[in-house]
Amino acid sequence: PPRIWLALLPKVRRIAREINPNLIIDSEPFGIETGIIARVARKYCSAPVVGVAQVPGRAILYDYAGQSLRAYARCRGLCWPMDYTNRDYAALTALNLERNGQRILLRETSQGVACRRKLMATLAPDRPVIGLNIGCGTQDAVAKRPNLTLLVESLGRLAIRHPFQLLLTGAANERQVNSDFLSHYASRWGTTSHIWNLAGMCSLSSLTGIISLCQLFISSDSAPYHMSVALNTPTLAIFNLPNPAHYHREPNV
C-alpha cells in the first residue's frame, strides 16, 4: 500500500546516509520490493547494488546481477532446496566472489558480553548451562513450536543424569509459553529451581551473550537457532515440519 512506502522510504534514505555503505546486496530472489528499496538506498549513498537475477528482467534493478538460485546450486553441485545461507553468494557471483566453504559467523556483541557476565554472577559455576528457545510466538509460526511434553520429559530425564542449569530465551510475547513449560516441568519433576525464564528480558544483541554462555543451545526453527549456529555453540534444532533450506550443515549442529 502507498502509505507503507511513504513511511518506509524516508527511513531507507536516513539509513543509507548514516551507514554510507560501499556495496548494497539484495539477496531476496522474489518480488521487486527489496530491489526497489536497494535502488532508493543507492541514490543516497552512491554504492553499487548487486542482486540475484532470479527471473527475466529483474537484473535491470541492479548494477551487477548474479545467477538465479537454481543455476547457482546446479553449477556448484549443491542440493536443492539450497541452504538459504548461500543466497548472498548467489548474488555475489556477479562480482566473481565465491563462498569457498565460508561458514556463517556471528560475534558476541558488547551488550552480549555484559549480559553473559551478569548471568555468570548468578549461576552455579560447577554446573553446565543449556539454553532453550521454544519460540515461535507469532501466530503464523506456532506450528513450528516444539511439543512441550517432549521437552519436559527429555530435559527432565537429562537433568537426573547430568544436572544442569536451563535458560529459557524468547521475545516478550513468548514469555507465556515459557511459563507453560515451567508449569509442566514442575508438575512432572517437582522443581524448577534450576530454570530461568529470560523471555522479554533481553534484546537480540544481548542474546549473543546468553547463547555464548551455553554448552548446548536447543531451539525451534527460528532466529535464535541460526544465531547459535553462527556463534559456534553446539546446537540442537527441533523441526516439526520439513524445511531443508534451514538445515545448517555445520560441525556444531
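Figure 1. With a relative accessible area of 58%, L204 counts as exposed (exposed is over 50%, buried under 20% and partly exposed in between, using a 1.4 Å probe and protein chains only). This leucine belongs to helix α8, residues 204-213; helices (H or I, at least four residues) and strands (E, at least two) are DSSP runs numbered from the N terminus. A word on the model itself: it is predicted, so local features need pLDDT of at least 70 and side-chain atom pairs count only at pLDDT 80 or more, while totals for chains, interfaces and linings use all residues. Residues are numbered from 1 along each chain as its sequence is written, and side-chain values use heavy atoms, with hydrogens and water left out.

**Figure 2. Inside the largest nonpolar core.** Here 18 residues come together, and L132, L155, L166 and F181 have the most contacts inside the core. For the record, a nonpolar core is a set of buried Ala, Val, Leu, Ile, Met, Phe, Trp, Tyr and Cys residues joined through side-chain atoms within 4.5 Å. At least two residues each come from β4 (129-133), α6 (148-161), β5 (165-168) and α7 (175-189). Helix α6 is the top contributor, with five. Zoom in on L166 and, skipping neighbours within four places in sequence, you find it in contact (heavy atoms within 4.5 Å) with I130, G131, L132, L155, F181, H194, I195 and W196. Another core, of 14 residues, lies apart from this one and includes L198, I210, F217 and M227.

Figure 3. The side chains of E153 and R188 meet with N to O at 2.9 Å, where a salt bridge means a side-chain nitrogen of Lys or Arg within 4 Å of a carboxyl oxygen of Asp or Glu. E153 sits in helix α6 and R188 in helix α7, so this pair links distant parts of the chain, 35 residues apart. Both partners are partly exposed, E153 at 23% relative accessibility and R188 at 39%.

**Figure 4. R103 and E250, a link across the sequence.** The closest N and O atoms of this salt bridge are 3.4 Å apart. R103 is in the loop between α4 (87-92) and α5 (110-120) and E250 is in the segment after β8 (235-238), so the bridge ties together parts 147 residues apart in sequence. R103 is partly exposed at 21% relative accessible area, whereas E250 counts as buried at 16%.

Figure 5. E18 pairs with R14, their closest N and O atoms being 3.5 Å apart. Both are in α1 (residues 2-19), four residues apart, or about one turn of the helix. E18 is exposed at 58% relative accessible area, and R14 is partly exposed at 44%. Elsewhere, R39, R42 and D63 are linked in a salt-bridge network; the structure holds 10 salt bridges.

**Figure 6. The lining of the largest pocket.** Of its 17 lining residues, L78, D83, T85, N86 and R99 lie nearest the centre. The lining divides into seven charged, five polar and five nonpolar residues.

Note on methods: On a 1 Å grid over the protein atoms alone, a cavity is a set of points where a 1.4 Å probe fits but cannot get out, and a pocket is an open set with protein on both sides within 12 Å along at least five of seven lines; lining residues have an atom within 4 Å of a point. Ala, Val, Leu, Ile, Met, Phe, Trp, Tyr, Cys and Pro count as nonpolar, Asp, Glu, Lys and Arg as charged, and the others, Gly among them, as polar.
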